[in-house]
Amino acid sequence: MSELNDPRVLFAAERTLLAWNRTASGLIALGFFIDRAALMSDGGGIFPTAIGLAFLLLGAALNILSVVQYRRSIATLRPAEIPPRYWLNLAVLSSLAVAFLGLLLALYILGTL
């Protein structure tokens, strides 16, 4: 729990959430790339698709877990540490949207098998 009464604590937690969002987005992109590159090079196969899906699902799960971690972190903050009229859920919505789109991409790849 913070004792600083400083909004920088909130902003640090938000930057950490967005860093996890970038990492998860990279994993999702890598999974899609692995699946599509294997499809173009040798006609596909179940193994590259499974690896690609694993990266996609790992990225989506990482985004969801990072949101849980962020929400737990900001729950410890006091009102003095949150700027007036600051929307705490913008980064949360961004992370959840990326996770949802990653899951949709995984479903698309499963549908093309």
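Let's start with Arg-36, which is buried at a relative accessible area of 19% (buried means under 20%, exposed over 50%, and partly exposed in between, using a 1.4 Å probe and protein chains only). Keep in mind that this is a predicted model, where local features need pLDDT of at least 70, side-chain atom pairs count only at pLDDT 80 or more, and totals for chains, interfaces and linings use all residues.

**Overall build**

- Read from the N terminus, the order of elements is simply α-α-α.
- The radius of gyration is 18 Å, well over the 13 Å that the globule rule gives for 113 residues, so the chain is more spread out than a compact globule (the radius is taken over C-alpha atoms, and the rule is 2.2 Å times the number of residues to the power 0.38).
- Along its principal axes, the C-alpha trace spans about 60 × 20 × 15 Å.

**Inside, outside and charge**

- Of the 113 residues in the chain, 32% are buried.
- Take the contacts between residues at least 6 apart in sequence: 85% of them join residues at least 24 apart (contact means heavy atoms within 4.5 Å).
- There are 8 positive and 6 negative charges, and their mean positions are 6 Å apart (Lys and Arg count as positive, Asp and Glu as negative, with His and the chain ends not counted; a charge is placed at NZ of Lys, CZ of Arg, CG of Asp or CD of Glu).

- Asp-35 belongs to helix α1, which covers residues 8–42.
- Asp-35 counts as buried, since its relative accessibility is 4%.
- Its side chain meets that of Arg-36 in a salt bridge, at 2.7 Å from N to O (a salt bridge is a side-chain nitrogen of Lys or Arg within 4 Å of a carboxyl oxygen of Asp or Glu).
- By that rule the count comes to one salt bridge.
- In general, side chains of opposite charge can pair when their charged atoms come close.
- Setting aside neighbours within four places in sequence, Asp-35 touches Pro-48, Thr-49 and Ile-109.
- Pro-48 sits 13 residues away from Asp-35 along the chain, yet their C-alpha atoms are separated by 5.6 Å.

- Thr-49 is found in helix α2, and at 7% relative accessibility Thr-49 counts as buried.
- Beyond neighbours within four places in sequence, Thr-49 is in contact with Asp-35, Ile-109 and Leu-113.
- Glu-14 is another story: Thr-49 and Glu-14 are 35 residues apart in sequence and 33 Å apart in space, C-alpha to C-alpha.
- Ser-66 also lies in helix α2, which runs over residues 46–74, and Ser-66 is buried with a relative accessible area of 8%.
- Once neighbours within four places are left out, Ser-66 has contacts with Leu-17 and Trp-20.
- Ser-66 and Gly-52 are 14 residues apart along the chain, with 21 Å between their C-alpha atoms.

- Gly-26 is part of helix α1 and is partly exposed, with a relative accessible area of 38%.
- The C-alpha atoms of Gly-26 and Leu-56 are separated by 9.4 Å, with the two residues 30 apart along the chain.
- Arg-85 lies in the loop between α2 and α3, the latter being residues 90–111.
- Arg-85 is exposed, with a relative accessible area of 86%.
- Arg-85 has a positive phi of about 60° although it is not a glycine.
- For background, most residues other than glycine have a negative phi.

How values were computed
Residues are numbered from 1 along each chain as its sequence is written. Side-chain values use heavy atoms; hydrogens and water are left out. Helices (H or I, at least four residues) and strands (E, at least two) are DSSP runs, numbered from the N terminus.
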